Amino acid sequence: MDPEIKREIIMEHYQNPLHRHHVDDKSYDMVNTANSSCIDNLNIYIKYDGDVIKDIAFEGEACAISISSTSIMIENLIGKTREEALNIIDNFENMINEKEYSEDVLGNAVVYSDIYKQNSRKSCAFLPYRGLREALTKKDNGKS
Ligand code: ZN
């Protein structure tokens with residue numbers, strides 16, 4: 001993907017993030033995810049329909065990389081099963097750590113494929129995925 005297009009997608013999702021709003025609905029699970037090295041501190045809300053992620057929303061303060069990454073992740077993960085979502089999270093983690101990954105499952109999240117060059121930003125891009133993994137894993141072990 002062209003670097004200019006990558007930048008545009010990141011800016012678009014930073015300026016107009018998808019599903020950024022408070023959720024006051026007990027049918028959603030909530031997970032907090034934060035970076036001590038940045039201002040990033042987000043609450044992420046997830047609603048399931050059986051094994052499928054029906055909705056995700058988020059609120060809080062974070063840098064441009066974190067906000068855009070969260071918005072892009074949400075766009076990609078709604079409608080996916082838990083297993084598909086965990087696979088996407090693994091592939092994203094591999095990508096930002098310069099390991100082998102499947103571009104096909106990542107959608108627009110490939111805009112962060114060069115983020116390894118800025119080591120301090122990696123945890124910003126990964127922030128929502130870390131939170132989602134925690135939420136999905138907790139659900140596996142818990143009340144479901
Ligand atoms: Zn950040």
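This is a predicted model: local features need pLDDT of at least 70, side-chain atom pairs count only at pLDDT 80 or more; totals for chains, interfaces and linings use all residues.

What follows is a closer look at the zinc site and its surroundings.

Biologist: Which residues are the protein donors of the zinc ion, and how are they spaced in sequence?

Modeller: Along the chain, the donor residues follow the spacing C-x1-D-x22-C-x60-C. Take Cys63 and Cys124: they are 61 residues apart, and the pair links distant parts of the chain. Cys63 sits in the loop between β3 and α2, while Cys124 belongs to helix α4, residues 119-141.

Are these two cysteines buried or exposed? Cys63 has 10% relative accessibility and counts as buried; Cys124 is buried too, at 1%. A disulfide is a covalent bond between the sulfur atoms of two cysteines. The structure holds zero of them.

Three strands make up an open sheet, ordered β1-β2-β3, with antiparallel pairing. At its edges are β1 (29-34) and β3 (52-61), each pairing on one side only. From one strand to the next, the twist averages 20 degrees. Strand β2 (residues 41-49) is joined to β3 by nine bridges. To find your way there, look for Tyr48, which stands opposite Ile53 in β3. Helix α2 (residues 64-77) packs on this sheet and touches β2 and β3. The direction of α2 makes about 170 degrees with that of β3.

Phe92, Tyr112, Phe126 and Tyr129 form one aromatic cluster. In the model, the count of aromatic pairs comes to four. One of them is Phe92 with Tyr112, an edge-to-face pair with 6.2 Å centre to centre and 75 degrees between the planes. Phe92 lies in helix α3 (residues 82-96) and Tyr112 in the loop between α3 and α4, so this pair ties together parts 20 residues apart in sequence. Phe92 is buried at 0% relative accessibility, and Tyr112 is buried at 1%. Phe92 also pairs with Phe126, this time stacked: 6.3 Å centre to centre, with 10 degrees between the planes. Because Phe126 lies in helix α4 and Phe92 in helix α3, that pair ties together parts 34 residues apart in sequence. Both Phe92 and Phe126 are buried.

Key: Residues are numbered from 1 along each chain as its sequence is written. Side-chain values use heavy atoms; hydrogens and water are left out. A disulfide is a pair of cysteine sulfur atoms within 2.5 Å. Buried means under 20% relative accessible area, exposed over 50%, partly exposed in between (1.4 Å probe, protein chains only). Two strands pair if DSSP finds at least two bridges between them. Helices (H or I, at least four residues) and strands (E, at least two) are DSSP runs, numbered from the N terminus. Axes are lines fitted to C-alpha atoms, for helices over the stretch in contact, and angles run from 0 to 180 degrees between N-to-C directions. Contact means heavy atoms within 4.5 Å. Donors are N, O and S atoms within 2.8 Å of the metal (3.2 Å for Na, K and Ca); water is not among the atoms, so sites may look incomplete. Rings of Phe, Tyr and Trp (its six-membered ring) pair if their centres lie within 6.5 Å; planes under 30 degrees apart count as stacked, over 60 as edge-to-face and the rest as tilted.
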